[in-house]
Amino acid sequence: LNEESNAWQKWQEYKSQVKVDENGFVRLYHIGKTPGLSELDPNIASKNAQIYTRREYERWNRPRIFFFTKEDQEDTAIGAIRGHKYVAQVPWNQLYPVYLDPLKFLAKEQEYKEWREEAKGMAQYYPVNKFEMVAHFANEEGYRGFIYPQSGKIENLIVAMWDKVPVKSVE
């Protein structure tokens, strides 16, 4: 990212809202209904999605796990979520700021359509899910999930991870 760019400045705002440790890891918090887990698997989570998560899947059906970036953070739509708390340590540089799209993946729609046709046999005239397209390119660059402001509020950053994530239970 160019340090003078608007995306760079916004990315710095994102970073100011989370705690990145000296090794470049950020703590993420998940609340789930199952106790005693050591790993969160998006494929399992998508099969047991809660009502609020099911609405998210209507927009984009890739299996993923949602995390808050702050302990005791509340969902902007439904408030506090009850359940078992988990914490994960994830490298900051593996979270792609999807709404900022600093690597301009949204500009690669034709390239994505060509890849999708070759890899999945889907004709190019079918519409493109923008989240899936950006996730495809982000994944190729080593990202494991998206970070974005929930309801557009920078103080409410959330993360959606599409890979398995090791976690520890929070007492």
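These are my notebook entries on a predicted model of one protein chain.

**Entry 1: overall layout.** I began with the secondary structure, which comes to 5 helices and 9 strands in the protein chain. Reading along the sequence, I wrote down the pattern α-β-β-α-α-β-β-β-α-α-β-β-β-β. I then looked up burial: of the 171 residues in the chain, 42% are buried.

**Entry 2: negative patch.** Which residues gather in a patch of negative charge on the surface? I listed E111, E114, E117, E118, E140 and E141. Next I looked up which element gives the most to this patch, and found helix α4, residues 109–120, with 4 residues. Among the other members I picked E140, which is found in helix α5, residues 130–140. Its relative accessibility is 53%, so E140 counts as exposed, the cut-off being over 50%.

Entry 3: Is Y125 buried or exposed? Y125 is exposed, because its relative accessible area is 67% and the cut-off for exposed is over 50%.

**Entry 4: R62.** I located R62 in the loop between α3 (51–59) and β3 (65–68). Is R62 buried or exposed? I found a relative accessible area of 16% for R62; buried means under 20%, so R62 is buried. I then asked what the side chain of R62 makes a polar contact with. The partner is the side chain of E132, and I recorded 2.6 Å for the contact.

**Entry 5: K104.** I placed K104 in the loop between β5 (95–97) and α4. With a relative accessible area of 52%, K104 is exposed. I also looked up the separation of K104 from V134, which is 30 residues away along the chain. Their C-alpha atoms are separated by 8.8 Å.

**Entry 6: recap by element.** For α5, I have E140. On burial, I have R62 as buried, and K104, Y125 and E140 as exposed.

Methods:
Residues are numbered from 1 along each chain as its sequence is written. This is a predicted model: local features need pLDDT of at least 70, side-chain atom pairs count only at pLDDT 80 or more; totals for chains, interfaces and linings use all residues. Side-chain values use heavy atoms; hydrogens and water are left out. Patches are made of residues with over 30% relative accessible area and no salt bridge: like charges are joined within 9 Å, nonpolar side chains (Val, Leu, Ile, Met, Phe, Trp, Tyr) within 5 Å. Accessible areas come from the Shrake-Rupley method with a 1.4 Å probe; for residues, only the protein chains shown count as cover. A salt bridge is a side-chain nitrogen of Lys or Arg within 4 Å of a carboxyl oxygen of Asp or Glu. Lys and Arg count as positive and Asp and Glu as negative; His and the chain ends are not counted. The place of a charge is taken as NZ of Lys, CZ of Arg, CG of Asp or CD of Glu. Helices (H or I, at least four residues) and strands (E, at least two) are DSSP runs, numbered from the N terminus. Buried means under 20% relative accessible area, exposed over 50%, partly exposed in between (1.4 Å probe, protein chains only). A polar contact is a pair of N or O atoms within 3.5 Å; within protein, one must be able to donate a hydrogen and the other to accept it, and residues adjacent in sequence count only if both atoms are side-chain atoms.
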